[in-house]
Amino acid sequence: MSTVTEKTLGIEFAIGGLAAVGAGFFTNPVDVVKVRLQLQGELEARGSYQKIYKNTVHAAYLIAKHEGILALQAGIVPALAFQVVLNGIRLGAYKSAQRYELIIDKQGNTDVLRTTLVTGIAGCVGAVLGSPFYLVKTQLQAQSAKSIAVGYQHSHSGSWNAFKSLWMEGGVAALYRGWNANMSRLFVGSATQLTTFGLASDWLRSLNIFPDRPILLTFLASVIGGSCVAITMQPFDVLATRLYNQREYIARKPTWRSLLC
């Protein structure tokens, strides 16, 4: 591989990671709310528990009221680290595969099957490598004031303390618990988002409505891709959150049915 090619690949991965960091600052509060909502009613029969959080807006209000506005940025450090690893790999792989026409057909359009496979596998690689960051992020975001607590409370004092506690609990195995759930989550998520993004970009270019505004075209294609991934990834996201927030590594293995209750 030439030096120029190596530099190009490095830039692709770096841009993907940096873009994810920028987005992470704005999306982390939503992620905190999402985790709380997903843990609400865990292992409880439907209708047998009190719903502390009524909806997204109400959850954000309660968190800010009882824990302070900064609580909406809980787990920001491991969250950003996870985004760097995940999106550096998957976006870098996507752009590189696109550059070398590995996911493009003879007409120059997105090949659905190859794009799904490349982006899905890249998402899985990123999910595995970044799993410890996702684990700590989830557990920190789940921690809350006692009056509005849902799910198990790990009581970490911070990111470093969380990593240290998990390591002492079970070493590498404890840091990587739940990784298999995140693989399915991010295979589906990456494949859906980036394949849809590619198809949406092709469609918008064919309409020739933004010939001189490539950034706007990319933004609209990203909105379409993001909307699709939010729907397809949600069930896997709930499972991943509950698996990552379990009490301890040596706890009994939950069944898929119990996680969905």
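Analyst: Helices here are DSSP runs of H or I with at least four residues, and strands are runs of E with at least two, numbered from the N terminus. By that count the protein has nine helices and zero strands. Along the sequence the pattern reads α-α-α-α-α-α-α-α-α. The model is predicted.

Some context for the whole chain comes next. The protein has 261 residues, and 43% of them count as buried. Take the contacts between residues at least 6 apart in sequence: 75% of these join residues at least 24 apart.

Helix α7 covers residues 179-207. Its 29 residues should span 42 Å at 1.5 Å a residue, and the end C-alpha atoms are 41 Å apart, so the two values agree. Just after α7, N208 takes a positive phi of about 55°. Helix α8 covers residues 214-244. The axes of α7 and α8 lie 7 Å apart, at an angle of about 170°. Angles over 145 degrees count as roughly antiparallel, so α7 is roughly antiparallel to α8. The crossing of α7 and α8 is right-handed. By class, their contact holds 17 nonpolar, twelve polar and three charged residues.

The second pair is α3 and α5. Helix α3 runs over residues 76-99, and helix α5 over residues 131-142. Their axes come within 8 Å and cross at roughly 150°. That angle makes α3 roughly antiparallel to α5. The handedness of this crossing is left-handed. On the α3 side, the contact is made by P78, A79, A81, F82 and V85. On the α5 side, F133, Y134, V136, K137 and L140 meet them. The contact of α3 with α5 has nine nonpolar residues, no polar residues and one charged residue.

Two loop residues deserve a look for their backbone angles. Most residues other than glycine have a negative phi. E101 is not a glycine, yet it has a positive phi of about 60°. E101 sits in the loop between α3 and α4, where α4 covers 112-129. E101 is exposed, because its relative accessible area is 56% and the cut-off for exposed is over 50%. S155, also not a glycine, has a positive phi near 60°. S155 lies in the loop between α5 and α6, where α6 covers 159-175. With a relative accessible area of 60%, S155 is exposed.

Notes:
Residues are numbered from 1 along each chain as its sequence is written. This is a predicted model: local features need pLDDT of at least 70, side-chain atom pairs count only at pLDDT 80 or more; totals for chains, interfaces and linings use all residues. Side-chain values use heavy atoms; hydrogens and water are left out. Axes are lines fitted to C-alpha atoms, for helices over the stretch in contact, and angles run from 0 to 180 degrees between N-to-C directions. Angles under 35 degrees count as roughly parallel, over 145 as roughly antiparallel, 65 to 115 as roughly perpendicular and the rest as oblique. A crossing is left-handed if the near helix is turned anticlockwise from the far one by less than a right angle, and right-handed if clockwise. Contact means heavy atoms within 4.5 Å. Ala, Val, Leu, Ile, Met, Phe, Trp, Tyr, Cys and Pro count as nonpolar, Asp, Glu, Lys and Arg as charged, and the others, Gly among them, as polar. The expected span of a helix is 1.5 Å times one less than its number of residues. Buried means under 20% relative accessible area, exposed over 50%, partly exposed in between (1.4 Å probe, protein chains only).
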